[in-house]
Amino acid sequence: MHYTTMEFNQEFASYHRKLLGGEFEDFVGSLRFKPKSAIRVNTLKTSVERVEKVLYENKIEHGKVPWCSEGLWVDSDVLNLVEHQLGFYYIQDAVSMAVSLALEPKPGESVLDLCAAPGSKATHLAALMQNKGCLLANEQDYRRIRALVYNIQRCGVSNAIVTKQDGVKFDQFSEKFDRILLDVPCSDVGRAMSNREVVRDWSKGKVIRLSALQKRLALAAYNCLKEDGIMVYSTCTTSLEENEQVVEHILHECKDARLERIKFNGLQSKKGLTDKTYDCLRILPHYNNSGGYFVAKIRRCAPIKNK
Amino acid sequence: MRSKELKVRIGIRIKMRKELNSKDVEELAVKIESQFGFRIDEKLKYFVKEEKEGEKIFIFSGNRIPNIQVEWIGLHFGTLIQNEFQPSIDGAFLMQTANKKILQASKKEIEELMKGSVIDYSGGLTGFVIARHKDLACVGIVKEGKVGSLTPKSRLI
């Protein structure tokens, strides 16, 4: 993929030059290339060693993704291997594996994935839960539910329920979930390496509209958290409005919300760009030769009791 | 769950997904065991949904079901078609200890079935079979010296 000056969206360029400062050129440079391909081994069906053997037999060069023990970099197409259709692995952006890991779901817990399609993170959550507990995977768009169900079935997930609800109206589940993943619809700049339309269609107006939706979804999701529950808010984009400003909105509106630090070995990232969001992870596409992401981990703290 | 048709028995047609009671689960367990020599885990929850091709059976290993309209629950384990159980690909994967109607296949034959192709067969099995090669499993149907692929379109390689 090549972005020439003519193709480049000037509004996108000037916004990101201001946002990223000295990193802008590296960021734009990274959009010229395809991200490194990766797979996540589905531990509900097999083991990392077994999939490594498959890759070796098919002469596919591979290596470990440092921050995810089930993640493997691969150097060629693995879509049409029989093991893929049998659900032994999921083709997934390596950085996005960190999102489900940040949530740390445990077997037996109640977990909500509010915007779940196409299911890369939902199937990862189910694997981390060892198919125990309850995973509610919600998706509002009926067409995207088909992809979600396909992946849930292929990966052998048996503890999931799929629903089709408007995420903003999830208040019927007030304080019901131990953990919530909110991977919201966003302007997708972190995926611009694989989809050039992202840059072409980007506008500040679109970002502002998405930010308003993300804030509504974030408060609705947070309301579903049990006391001491954890919510991970993530996007695959770069803008301040869709990332730090949404987290600040949660912290402002929900007095019992506390941001928690996230750390992954081998994952290059930087901190959130504002004082209140310093503990968030901001990952640009050129950091890991993979997608760009923003990840925030928020705990709903128990109320402080008077002695 | 809201219909009068919810008093479900295996073999009785219903119109919506319904949890099987312990008697129905036992009946399902006996059927699958007699056909494939595999005993299902009766501690899990089982749901049934009537579709054109038969009654789809779903396994749910979760510990609670929220009160909400559901689009999909658990894992499609297989389908009861005219009183015969046809495992899904992922149901066949779960039935690793099954010892009846197992076709020991080569990896190439598994790949052919996953491509939707027919493979030659000269053994004595009939009807729905689980084709297995080590930990790879898929599903076929034996007819007239051939094994037909039962791989759904969406899962073809």
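**Figure 1. Overview of chain B in the predicted model.** Of the 157 residues in chain B, 36% are buried, a residue being buried if 20 or more other C-beta atoms, placed from the backbone, lie within 10 Å of its own. The model is predicted: local features need pLDDT of at least 70, side-chain atom pairs count only at pLDDT 80 or more, and totals for chains, interfaces and linings use all residues. Residues are numbered from 1 along each chain as its sequence is written, and chains are lettered from A and ligands numbered from 1 in the order in which they are written. Chain B holds 3 helices and 11 strands; these are DSSP runs numbered from the N terminus, with H or I over at least four residues for helices and E over at least two for strands. The order of elements from the N terminus is β-α-β-β-β-β-β-α-β-α-β-β-β-β. Among contacts in chain B with a separation of 6 or more, 52% come from residues 24 or more positions apart, where contact requires C-beta atoms, placed from the backbone, to lie within 7 Å.

**Figure 2. Mixed open sheet of chain B.** In chain B, 5 strands form an open sheet with mixed pairing, in the order β7-β9-β10-β11-β8; two strands pair if DSSP finds at least two bridges between them. The edge positions belong to β7 (102-104) and β8 of chain B, each of which has a single partner strand, so one side of each is left without a neighbour in the sheet. The pairing of β7(B) with β9(B) is parallel and spans 3 bridges. Ile102(B) has Ile130(B) in β9(B) as its bridge partner.

**Figure 3. Helix α3(B) on the sheet.** Helix α3(B) lies across β8, β9, β10 and β11 of chain B and runs at about 70° to β10(B); axes are lines fitted to C-alpha atoms, for helices over the stretch in contact, and angles run from 0 to 180 degrees between N-to-C directions. Its buried residues are Glu109(B), Ile110(B), Glu112(B), Leu113(B) and Met114(B). The buried residues of α3(B) pack against β8 (119-120), β9 (127-133), β10 (136-143) and β11 (146-149) of chain B, and also against α4 (82-85) of chain A. After α3(B) comes Gly116(B), with a positive phi near 90°.

**Figure 4. Contact between chains A and B.** Chain A gives 27 residues to the contact and chain B gives 28 residues. On the side of chain B that touches chain A, the elements giving two or more residues are β3 (54-60), β4 (72-73), β5 (75-81), α2 (89-94) and α3 (107-114) of chain B. This side of chain B has 15 nonpolar, 7 polar and 6 charged residues; Ala, Val, Leu, Ile, Met, Phe, Trp, Tyr, Cys and Pro count as nonpolar, Asp, Glu, Lys and Arg as charged, and the others, Gly among them, as polar. Strand β7 (residues 160-163) of chain A pairs with β4(B) in the antiparallel sense over 2 bridges. Within this pair, Ile161(A) is opposite Ile73(B).

**Figure 5. Antiparallel open sheet of chain A.** The sheet has 4 strands of chain A in the order β2-β3-β1-β4, with antiparallel pairing. At its edges stand β2 (62-64) and β4 (89-91) of chain A, each with a single partner strand, so one side of each is left without a neighbour in the sheet. On average, neighbouring strands of this sheet are turned by 30° against each other, direction ignored. Strand β1 (residues 38-41) of chain A pairs with β4(A) over 3 bridges, and β1(A) also pairs over 3 bridges with strand β3 (residues 71-74) of chain A. Ile39(A) has Ile91(A) of β4(A) as a bridge partner and stands opposite Leu72(A) in β3(A). A hairpin through 6 residues joins β2(A) to β3(A), and His62(A) has Val74(A) in β3(A) as its bridge partner.

**Figure 6. Buried helix α6(A).** Helix α6 (residues 120-128) of chain A has 9 of its 9 residues buried, so it is largely enclosed by the rest of the structure. The buried residues of α6(A) include Lys121(A), His124(A), Leu125(A) and Leu128(A). Just after α6(A), Gln130(A) has a positive phi of about 55°.

**Figure 7. Crossing of helices α9(A) and α10(A).** The axes of helix α9 (residues 204-223) and helix α10 (residues 244-253) of chain A come within 9 Å and cross at roughly 40°. The two helices, α9(A) and α10(A), are therefore oblique to each other; angles under 35 degrees count as roughly parallel, over 145 as roughly antiparallel, 65 to 115 as roughly perpendicular and the rest as oblique. From α9(A), the contact includes Ser211(A), Ala218(A) and Tyr222(A), and from α10(A) it includes Val246(A), His249(A) and Ile250(A). By class, this contact of α9(A) with α10(A) has 5 nonpolar, 4 polar and 2 charged residues.

Key
Two residues are in contact if their C-beta atoms, placed from the backbone, lie within 7 Å. A residue is buried if 20 or more other C-beta atoms lie within 10 Å of its own, exposed if 12 or fewer, and partly exposed in between; C-beta atoms are placed from the backbone.
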